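Open the model in your viewer and keep the selection tool handy.

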Amino acid sequence: MKPVPALAEGFPDLSGMRIAREPHWFRWLSAALIVLVLAAIVRVFAGGQIEWSYVSRFLTAKVILEGIVNTMVMAVLAMALGIILGVVVAVMRLSPNPVLKTVAAGYTWLFRGTPLILQLLLWFNLALVFPTIGIPGLSARAVDVMTPFLAALLGLGINQGAYTSEVMRAGMLSVDIGQYEAAQAIGMGRLRALRRIILPQAMRVVIPPLGNEFIGMVKATSLASVIQYPELLHNAENIYYANSRVIELLIVAGLWYLLVVSILTPLQMLLERRFARGTLRLAR
């Protein structure tokens, strides 16, 4: 072995020595095991009793396409209702008024504490408690008013509002207290300061979880199938009740959900990047 030359100060010169790299056998072993498991899953599905011709046949069937349209319409409307309720409830939670704070906290506790499917069933069967809905002189039968569409919209939207309120509250709390004080110093009222100063700054924190909530909402619409709303899963169920191709139609529904989520995910990232532009410039 050649002696290592020394520097003038008496320290050895290490520039010519080889760097010993640690072998990562565990990483390669884990990767190999994952590949084997995935290959086994693919083989099971490929060799199972699945008629893939039915999957390709019903993937673009009219009733399935109508179901995905109904799913997206319900997801957008329910999420919009949830955001509106979430903003209102978050403002109430941060209000110095104890009554508003208590009501907002009770709303969040109630709708986050009960299962979503239970809330959908309650809205859909509201006629059992209130036979008629309306005001004196103008009323209608609850069974006619509470259609599967309206029951699903109220159930999904109001439930989403309870979760969105916590997201919005966290976003408003992330804004520096000095912004509130500055708004008061220039004579802004509380609501105007929230609309013009606080909420725009809170959006940077709020957008990522709201994007995740919307993706979750798209999948949560499948629960509306229990109240006969004709969304994607409900229409797929109607088909396999007729032809008994259960797995094939479930695969069709799963592929459509994956496609929608795959489209929404990059859109969410673009939206996050847009609202984080000022922060990214400061970071550079």
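This is a predicted model: local features need pLDDT of at least 70, side-chain atom pairs count only at pLDDT 80 or more; totals for chains, interfaces and linings use all residues.

Residues are numbered from 1 along each chain as its sequence is written, and side-chain values use heavy atoms, with hydrogens and water left out.

**Stop one: the patch.** Select I34, V37, L38, I41, V44, F45 and W52, which make a nonpolar surface patch of about 680 Å². Helix α1 (residues 25-47) gives the patch its largest share, 6 residues, and L38 sits in this helix. (Helices are DSSP runs of H or I with at least four residues, and strands are runs of E with at least two.)

**Stop two: the hairpin.** Now show strands β1 (residues 132-135) and β2 (residues 138-141): they run antiparallel and are joined by 4 bridges. Pick I133 and you will find A140 of β2 opposite. The hairpin has 2 residues between its strands, and G137 in the turn has a positive phi of about 95°.

**Stop three: the loop.** Jump to S225, in the loop between α9 (190-220) and α10 (232-243). Is S225 buried or exposed? S225 counts as buried because its relative accessibility is 9% (buried means under 20% relative accessible area, exposed over 50%, partly exposed in between, with a 1.4 Å probe and protein chains only). Its side chain reaches the backbone oxygen of S222 at 2.8 Å.

Definitions and conventions. Patches are made of residues with over 30% relative accessible area and no salt bridge: like charges are joined within 9 Å, nonpolar side chains (Val, Leu, Ile, Met, Phe, Trp, Tyr) within 5 Å. Accessible areas come from the Shrake-Rupley method with a 1.4 Å probe; for residues, only the protein chains shown count as cover. A salt bridge is a side-chain nitrogen of Lys or Arg within 4 Å of a carboxyl oxygen of Asp or Glu. A polar contact is a pair of N or O atoms within 3.5 Å; within protein, one must be able to donate a hydrogen and the other to accept it, and residues adjacent in sequence count only if both atoms are side-chain atoms. Two strands pair if DSSP finds at least two bridges between them.
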